[in-house]
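Work through the exercises below with the sequence and the structure at hand. Each task is followed by a solution in steps.

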Amino acid sequence: MQANYVFRVTVQLDPSGAHLDPHRFETVCRLPAATPGTDGWLFFQYNLWRGDIADAEHMQSLLTEKLGVEVVDASFSELETDAAYRAALENEIETDLSRFNADSVDAVVHQHLGSSIHVRDAEAIPDT
């Protein structure tokens, strides 16, 4: 099972004693998705809403901490996942739908990820 949360991020580098040009640039950031049911698996619920970042300031801070460089802008691109991870995610969501205040697994997935979930062969998902 493998899955990553994919973000487009703009980072800014401001080293002392040097000048960079450009000092800001956009790149793709992949954060590994925790195995459903384990610590951190609810990342989508806490951070995403309808396929977008729910709290931009919080996400920029979180990504700055993870990357070790200042993130000045971020947008959610997708959850890239293999079929096994998606099935495990849906099974875990189904065990406690009331946690999500939803009537179905599809509603939960749509509420948080919108249409930004893409199933790929496991070999096509970069290992982070």
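**Exercise 1.** Which strands and helices do the buried residues of H4 pack against?

Solution. The model is a predicted one.
Step 1: list the buried residues of helix H4 (residues 105-113), which are Val105, Val108, Val109, Gln111, His112 and Leu113.
Step 2: look down the axis of H4; these buried residues fall within an arc of 165°, so they line one face of the helix.
Step 3: find their partners, which are strands S1 (3-12), S3 (48-49), S5 (70-81) and S6 (117-119), together with helices H1 (43-47) and H3 (83-94).
Step 4: check the residue just after H4, where glycine 114 has a positive phi of about 60°.

**Exercise 2.** Determine with which residue glutamate 80 forms a salt bridge at 2.6 Å, and where the two partners lie.

Solution.
Step 1: the partner is arginine 30, with 2.6 Å between the closest N and O atoms.
Step 2: glutamate 80 belongs to strand S5 and arginine 30 to strand S2 (residues 24-32), 50 residues apart, so the pair links distant parts of the chain.
Step 3: glutamate 80 is buried at 2% relative accessible area, whereas arginine 30 is partly exposed at 33%.
Step 4: glutamate 80 also meets arginine 120 in a salt bridge (3.6 Å, N to O).

**Exercise 3.** Locate the salt bridge between arginine 86 and glutamate 90.

Solution.
Step 1: the closest N and O atoms of this pair are 2.8 Å apart.
Step 2: both residues are in helix H3, and because they are 4 residues apart, about one helical turn separates them.
Step 3: arginine 86 is partly exposed, at 22%, and glutamate 90 is partly exposed, at 23%.

How values were computed
Residues numbered from 1 in each chain as written. Predicted model: local features only at pLDDT ≥ 70, side-chain atom pairs only at ≥ 80, totals over all residues. Heavy atoms only, no water. Buried < 20%, exposed > 50% of the residue type's maximum accessible area, 1.4 Å probe, protein only. Helix = DSSP H or I, 4+ residues; strand = E, 2+ residues; numbered from the N terminus. Arc of directions from axis to C-beta. Contact = heavy atoms within 4.5 Å. Salt bridge = Lys/Arg side-chain N within 4 Å of Asp/Glu carboxyl O.
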